[in-house]
Amino acid sequence: MEDHEHIVSAYEEELSSLNNKIARMGGLAEQVLGQSIDALQGRDPELAGNTIQQDEAIDALEKEIEEQAITMIARRQPLAYDLRQIMAALRISSDLERIGDLGKNIAKRALAVVEEQQPKQLMLGLRHMGELALEQLKEVLDAFIERDADAALKVWYKDEEIDAMYNSLFRELLTYMMEDPRNIGLCTHLLFGAKNIERVGDHATNIAETVYFLVHGKPVSEERPKGDNTSTTLPLQRSTG
């Protein structure tokens, strides 16, 4: 009986360790994303450079989680909910690693536009979009820690909000480029930055689906909400009157 209790206790400690690593990785991903947006808006090369370096810690944690998960599956041969917990950690760590990469890419855009004059309205739109993505990331990580499928679904439904912001910003940036070719370089970097933020929203949505599956043992039954229509978007024509 004592041996069984010892095995159960050791396994619970391993699961707790896995969850703690996901929490640490999530905190780092939030930090990288938040700092990259600050660096882009503030044209801060020092902050951008530091943010790019921080992504290495996220990559290292993903490797740790992957190795631990594989070891646990091989040694414990978990079933049902226990197996879902380990697989969820693997999936979420993969999404967080991609979010870290996206944050690093945004920071690189910040380095590229240090000398550029940035239209205030465009930067406010980009900032708002980034804050929403950051909020969704925080909420979905909380949902994972709490094993709260309902909270995860709220994040899943909100992905359309980021898509709507991206569509609006995309049209504005195209318009600026059409009005003056000198804006093309800056606007291209901002456009890639906005796309990276939109992709963060997609990965937060992935995590939401993983949390739902973890709790209920089945996928979300509805079709994923998507509102990115930039592939068919034409630039707005500004009024000259």
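Helix α5 has a kink of about 30 degrees, centred on Tyr157. This description rests on a predicted model. The protein chain contains six helices and zero strands, and 46% of its 241 residues count as buried.

**Helix α5**

- Helix α5 covers residues 149-179, which makes 31 residues.
- At 1.5 Å a residue, α5 should span 45 Å, and its end C-alpha atoms are 47 Å apart, so the two values agree.

**Overall fold**

- Along the sequence, the pattern of the protein chain reads α-α-α-α-α-α.

- Rolling a probe the size of a water molecule over the atoms shows where empty space is left.
- The structure has one cavity of 30 Å³ or more, and the largest cavity holds about 30 Å³ of space.
- The elements that each give two or more residues to the lining of this largest cavity are α3 (80-112) and α6 (184-216).
- The lining of the largest cavity consists of Arg84, Met87, Ala88, Arg91, Thr210 and Phe213.
- Helix α3 gives the most to this lining, with four residues.
- An α-helix has 3.6 residues a turn, so residues three or four places apart point the same way.
- Sorted by class, the lining of the largest cavity has three nonpolar residues, one polar residue and two charged residues.

Technical notes: Residues numbered from 1 in each chain as written. Predicted model: local features only at pLDDT ≥ 70, side-chain atom pairs only at ≥ 80, totals over all residues. Heavy atoms only, no water. 1 Å grid on protein atoms, 1.4 Å probe; cavity = no way out; pocket = protein on both sides within 12 Å on 5 of 7 lines; lining within 4 Å. Points joined across faces, edges and corners; volume = space filled by probe spheres on them. Nonpolar A, V, L, I, M, F, W, Y, C, P; charged D, E, K, R; others polar. Expected span 1.5 Å × (residues − 1). Bend = angle between axes of the 7 residues up to and from the residue. Buried < 20%, exposed > 50% of the residue type's maximum accessible area, 1.4 Å probe, protein only.
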